[in-house]
Amino acid sequence: MSDTQTFEDPTAEAKLGLGIHAAAMAVVCVVVLVGNTVATDNTLSQGFVGLIALWALCMIGLVLTKVVPFKLPSVAWISLVGILATLPWTPGSAWILDKVQHVNFLTLATPCLAYAGLAIAKREIDIAKESGWKIAVVAVLVMTGTYVGSAIVAELFL
């Protein structure tokens, strides 16, 4: 072995660049655009402009995640950018709100939630193998409790 070889930590998470994030969000926007057009009365162009505005806000938040000296999660930066961009005294906020209102939240959340449900890391598989049947019992109880609790809240307050 030479002195110049380096070994990577197999447990270290890969850091994705802005280009990969931009491309992934563009793919999600295309899926959302199709769903938004089919599920709502909005036109293709209305949904497209709204998604471009959301994509731009997300990219600004991701850039801030990379360049700001103190570290916050990217979701915090993206949320902060979105909040600041839509404050009444922010120039252009009325335009952003007008365009984004044509994007239905459920169609926006569906591909993200689908990916989150399908994305299973090797570490999670290892945990499931170690836990065995006990994790299945806990999962069923948690899902049942969440459903029953939600039904009770809906009955009482809605």
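**Exercises on a predicted model**

A nonpolar surface patch of about 870 Å² is formed by Tyr147, Val148, Ile152, Val153, Leu156, Phe157 and Leu158. Patch residues have over 30% relative accessible area and no salt bridge, and nonpolar side chains are joined within 5 Å. This is a predicted model, in which local features need pLDDT of at least 70 and side-chain atom pairs count only at pLDDT 80 or more, while totals for chains, interfaces and linings use all residues. Residues are numbered from 1 along each chain as its sequence is written, and side-chain values use heavy atoms, without hydrogens and water.

**Exercise 1.** State where Val148 lies and classify its accessibility.

Step 1: Val148 belongs to helix 7 (residues 133-157); helices are DSSP runs of H or I with at least four residues, numbered from the N terminus.
Step 2: Val148 has a relative accessible area of 41%, so Val148 is partly exposed (buried is under 20%, exposed over 50%, partly exposed in between, with a 1.4 Å probe and protein chains only).

**Exercise 2.** Classify Ser150 and give its C-alpha separation from Val49.

Step 1: Ser150 is also in helix 7.
Step 2: Ser150 counts as partly exposed because its relative accessibility is 43%.

**Exercise 3.** Is Ser93 buried or exposed, and what does Ser93 contact?

Step 1: Ser93 sits in helix 4 (residues 93-100).
Step 2: Its relative accessibility is 6%, so Ser93 counts as buried.
Step 3: Neighbours within four places in sequence aside, Ser93 is in contact (heavy atoms within 4.5 Å) with Ala85, Thr86, Leu87 and Pro88.

Methods. Helix = DSSP H or I, 4+ residues; strand = E, 2+ residues; numbered from the N terminus. Patch = residues over 30% accessible without salt bridge, like charges linked within 9 Å, V, L, I, M, F, W, Y side chains within 5 Å. Areas by Shrake-Rupley, 256 points an atom, 1.4 Å probe, with all protein chains shown as cover. Salt bridge = Lys/Arg side-chain N within 4 Å of Asp/Glu carboxyl O.
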